[in-house]
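This briefing describes how two protein chains meet and how selected residues sit within them. The sequence and structure are shown first, and the points are then grouped by topic.

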Amino acid sequence: MTDKRFYQVLVPAVVLFGFLPFGLGSYHLHVVIVSLFYLMMASSWNLLAGYTGQVSFAHAAFAGIGAYTSGILAVRFGLNPWIGVVVGTMLAALLGLAVGVLCLRMGGIYLSLTTLGFSEILRIIITNEYEVTRGTMGLQVPGLFAEYSKVGYFYVMLGAAVLTLIIIYRLIHSNIGLNFRAVQNDERAAASLGVDVVRVRVLAFTVSSALAGMAGGLYGHYLLLITPEIPSLDQQFLVLSMTVIGGMGSFPGPIIGAFSLEILSEYIRAYGEYHVLVFGLIALVAARFAPNGLMGLAKDRLVRRRAPAKTVAAAAKS
Amino acid sequence: MFALAVMNGLVIGVIYALAALGVSLVVGIMNVVNFAHGELYILAGYFSYLFAGALGVNFVAAMIVAVLLVFLFGLFVEWVLIRPTYGNDMYSLILTFILSIVLQNAYLLIFGPYPNKPPGWVGGATNVFGLFYYGNQRLAALAAASVVIALLFVVIKKTWFGRIIRATSQDREMAELNGVNTTRLNMLSFGLGCALAAAAGVILAPVFPVTPTAGLPVALTAFVVVVLGGMGSLWGCVLGGLILGLVENLGAAFISTGYKHLFNFIILILVLLIRPAGLFGRREA
């Protein structure tokens, strides 16, 4: 997709989306706002996992960093939430940079192990420091606006989601993005052509963590109550499933995954405690049998329809 | 207090070593990290609770059946989930992570959030070196785990099967050229890795009851032990496990119990900063 075509798709889609508050009730608007949060999370996780092949299990944790930083600053020091979200995003970027520098020299498995540990440690700190974080009770935080307005939040989340998508799109379609894919396809070949493999990975991890921090900060001020649920591994699992089911390594994949799975999970929620289990089984089957997700399935369909005779003939020959 | 913390550290350390050996074996041969390792540890705990506790089977038989069942489950998981991902290390991470969430929620539905525990093997306490009284159950756990580790070392260092394992983890292609069926070996070693997690589970469950989410801290510690010891190194696991067990318990005794697991993370960071290949790691890891 060229830049021009990207904006040709993006602008009308956003304008259409902008009319949603006029047609949707409060509950449905809430579902859309939550979907936009997951869209940001899944797309930024995809930047890392889909385009550089590094699996981070701390993406939800970085969202938690953004949410708690901004929330604590607002509650303790009365800082304006808008500035708080910016500070939270920067802190997530900084921590992402530190973790990235620490373990990306050693390769992908080390990042996965360390981020899993990071996310567990964050959970322990949040529950232990309950005087500051209110532990599992949750931290009540002020909203972004003086007067609560769901429509206002919708436009804020929509704006943030568009910003996230543009940043990711520009990044993967720049020279740096070329390096991302080079590193994923063949690390040694990329290194031999002068690509600084470690730096490329650290950059992807830092940007992706910062975007998660921003999404988490805004989401916290929307919910008005920040709980350890935001940085939990269950949340991480949701983001991961959305990306995998939508289509890892494709740009629209996580967007489709975020919306379809958030809406699906609203339906499954009726099953109460079975909800996560059902969700997990769906994700497991999808990840096993359709590794390229819905986008991969759609692509296969298109290719088959376009050249059915040729593929069948080729298949028969071989 | 110091001596008691050291003793606790030894018991836990040996169990950590056992759990980490399972991870390390699979990493060495297949280059796959099983993120559901902790959930298999818990699964074995639940099995032994079911057989020995609820059904009243003899505890030794219950433990053996539990480990065997988890071994079979491991073979199944390798066959269904891991085999299609050969050559794509990241995808097996994702699949095993999803599996761990599925298992956690399945346990929650079947057994509830409450801790469950199989009956102990022995009662009473023994006076250790005239310093303090120590529960016999814990001493028995220490002995049992040491025996399993010793057995594993004999199998790997002295038997034909062990030679195949060592050859494959050194050079996969060369082993294939010499007639090793690496697909079957992968399946077996993944099962064996799960069985080691299960062994740790059945040994520790009478001391530390199992809950649906108790597997994560154990698995995380096992991962840190593997990084500390060096990916794929078996001696590294034993030494690393003991170090972590001691640090964790001394830290809990003298600094803070709430932050017990934080010490592991600090060790992980230090290893990555100072010696990323680990104590006995191969450079290229």
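A salt bridge is a side-chain nitrogen of Lys or Arg within 4 Å of a carboxyl oxygen of Asp or Glu. The side chains of B:E78 and B:R83 form such a pair, with an N to O distance of 3.2 Å. The model is predicted, and by this rule two salt bridges are counted over all chains. Between chain B and chain A the count is zero.

**Salt bridges within the chains**

- In the pair formed by B:E78 and B:R83, B:E78 counts as buried, at 0% relative accessibility.
- In chain A, the side chains of A:R123 and A:E120 meet in a salt bridge with an N to O distance of 2.9 Å.
- Both A:R123 and A:E120 belong to helix α6 of chain A (residues 108–128), where they are three residues apart, about one turn of the helix.
- A:E120 is buried, with a relative accessibility of 6%, whereas A:R123 is partly exposed at 42%.

**The interface of chain B and chain A**

- Contact between the chains involves 37 residues of chain B and 42 residues of chain A.
- The two chains bury about 3,800 Å² between them, and carbon and sulfur atoms account for 82% of this area.
- On the chain B side, B:F97, B:L109 and B:L272 lose the most area to chain A; together they supply 16% of what that side buries.
- Although there are zero salt bridges between chain B and chain A, two residue pairs are in polar contact across the interface, both at pLDDT 80 or more.
- Four elements of chain B give two or more residues to the side that touches chain A: α3 (59–82), α4 (89–111), α9 (215–229) and α11 (260–274).
- Helix α4(B) supplies the largest share of that side, with 13 residues.
- Sorted by class, the side of chain B that touches chain A holds 33 nonpolar residues, four polar residues and no charged residues.

**Transmembrane annotation from UniProt**

- For chain B, an unreviewed UniProt entry places the feature "transmembrane region" at residues 6–33, 40–57, 63–81, 93–114, 139–156, 187–208 and 262–281.
- In the model, residues 63–81 of chain B are 100% helix and 0% strand, and the end C-alpha atoms of this span lie 26 Å apart.
- Residues 262–281 of chain B are 65% helix and 0% strand, with 24 Å between the end C-alpha atoms.
- For chain A, an unreviewed UniProt entry lists "transmembrane region" at residues 6–24, 31–51, 57–75, 82–102, 151–172, 202–225, 237–256 and 276–298.
- Residues 202–225 of chain A are 92% helix and 4% strand, and their end C-alpha atoms are 32 Å apart.

- Which residues does B:H37 touch, not counting residues up to four places away in sequence? They are B:A19, B:G22, B:V23, B:G193 and B:A197.
- B:H37 itself lies in helix α2 of chain B (residues 37–54) and is buried, with a relative accessible area of 4%.
- B:A175 lies in helix α7 of chain B (residues 172–177); its relative accessible area is 5%, so this residue is buried.
- Not counting residues up to four places away in sequence, B:A175 touches B:A167, B:T168 and B:V180.
- The C-alpha atoms of B:A175 and B:I165 are separated by 9.3 Å, and the two residues are 10 residues apart along the chain.
- B:N264 has its place in helix α11 of chain B, one of the elements that give two or more residues to the side touching chain A.
- B:N264 is buried, with a relative accessible area of 5%.
- Beyond residues up to four places away in sequence, B:N264 touches B:T221, B:V224, B:L244 and B:E248.

Methods: Residues are numbered from 1 along each chain as its sequence is written. Chains are lettered from A and ligands numbered from 1 in the order in which they are written. This is a predicted model: local features need pLDDT of at least 70, side-chain atom pairs count only at pLDDT 80 or more; totals for chains, interfaces and linings use all residues. Side-chain values use heavy atoms; hydrogens and water are left out. Contact means heavy atoms within 4.5 Å. Buried area is the accessible area (1.4 Å probe) that two parts lose on being put together, summed over both. A polar contact is a pair of N or O atoms within 3.5 Å; within protein, one must be able to donate a hydrogen and the other to accept it, and residues adjacent in sequence count only if both atoms are side-chain atoms. Ala, Val, Leu, Ile, Met, Phe, Trp, Tyr, Cys and Pro count as nonpolar, Asp, Glu, Lys and Arg as charged, and the others, Gly among them, as polar. UniProt positions are given in the numbering used here, feature names are shortened, and annotations may be inferred rather than shown by experiment. Buried means under 20% relative accessible area, exposed over 50%, partly exposed in between (1.4 Å probe, protein chains only).
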